[in-house]
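Please open your viewer and keep the selection panel handy. We will go from the whole chain down to single residues.

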Amino acid sequence: WHGKNNDKSELLTADELEAVSNILGKNYTSAKIIQHDYFNSGGISILFQENGSSYSEAVAGSGEVAIVTCIRKVVRAKNSSLILLDEPEVSLHPGAQAAFRDFLLDQVVKKKHQIVLSTHSPSFIEGLPDKAIKLFFQNSSEGYDIQNKTRPEQAFIRIGSKLYSDNVIYVEDDLAQLLVVKALKEIG
């Protein structure tokens with residue numbers, strides 16, 4: 001293609017293809033990753049086949065491309081790897097986010113990985129134990145503090161989520177109300 005080269009191509013394994021299909025809610029029959037220099041820099045293209053039709057990442061959603069590359073790396077990581085992910089939910093709908101979270105949790109159990117990730121998605125951390133959620137927030141002295149055990153609603157209220165803001169707390173008397181208000185102010 002105008003003097004450009006394919007460096008190599010590789011099909012996803014059956015396990016990788018199944019994970020991608022489950023997360024994205026599709027029925028892929030194959031996916032091929034092609035490494036190339038088509039655009040004067042190293043890049044990849046992905047050729048998907050689904051239900052008798054094929055298409056490339058040029059018409060696929062960005063979530064498809066992100067999931068394929070991430071799934072490959074996680075599945076192929078050595079046992080007991082530390083995996084760092086920065087907002088892996090970007091470009092995924094909430095159902096795909098939850099399925100991707102479940103895939104990662106399954107990989108943690110199967111391969112003894114430790115996964116550290118940042119997210120802005122309530123769907124992505126829903127159902128995780130409080131001790132698995134760490135909240136990083138800016139303190140008044142322009143530094144950062146870490147809350148090591150956080151419920152999802154605590155984390156997302158702090159960044160302006162309206163999903164959890166309709167909670168009502170009933171108290172017995174004025175003293176209990178003062179204590180609850182003070183505690184809420186301390187945890188943000």
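Here is the tour, stop by stop.

This is a predicted model, in which local features need pLDDT of at least 70 and side-chain atom pairs count only at pLDDT 80 or more, while totals for chains, interfaces and linings use all residues. Residues are numbered from 1 along each chain as its sequence is written, and side-chain values use heavy atoms, leaving out hydrogens and water.

**Stop 1: the whole chain.** Select everything and colour by secondary structure. The protein chain has six helices and eight strands; helices (H or I, at least four residues) and strands (E, at least two) are DSSP runs, numbered from the N terminus. Followed from the N terminus, the order is β-α-β-β-β-α-β-α-β-α-β-β-α-α. Along the principal axes, the C-alpha atoms fill a box of roughly 75 × 35 × 35 Å. The radius of gyration is 21 Å, whereas a compact globule of 188 residues would be near 16 Å (taken over C-alpha atoms; the globule rule is 2.2 Å times the number of residues to the power 0.38). Of the 188 residues, 34% count as buried, meaning under 20% relative accessible area with a 1.4 Å probe, protein chains only.

**Stop 2: helices H1 and H3.** Select residues 14–24 for H1 and 94–111 for H3. Their axes come within 7 Å and cross at roughly 145°; axes are lines fitted to C-alpha atoms over the stretch in contact, and angles run from 0 to 180 degrees between N-to-C directions. Now show side chains: Ala-19, Asn-22 and Ile-23 in H1 meet Ala-96, Ala-99, Phe-100 and Phe-103 in H3, with contact meaning heavy atoms within 4.5 Å. By class, this contact has six nonpolar residues, one polar and no charged ones (Ala, Val, Leu, Ile, Met, Phe, Trp, Tyr, Cys and Pro count as nonpolar, Asp, Glu, Lys and Arg as charged, and the others, Gly among them, as polar).

**Stop 3: helix H2.** Select residues 62–76, the 15 residues of H2. Which residues of H2 are buried? They are Gly-63, Glu-64, Ile-67, Val-68, Cys-70, Ile-71, Arg-72 and Val-74.

**Stop 4: Ser-30.** Finally, pick Ser-30 in strand E2 (residues 28–36). Why does Ser-30 count as buried? Because its relative accessibility is 19%. Not counting residues up to four places away in sequence, Ser-30 touches Leu-11, Leu-17, Leu-47, Phe-48 and Gln-49.

Terms used:
The expected span of a helix is 1.5 Å times one less than its number of residues. Buried means under 20% relative accessible area, exposed over 50%, partly exposed in between (1.4 Å probe, protein chains only).
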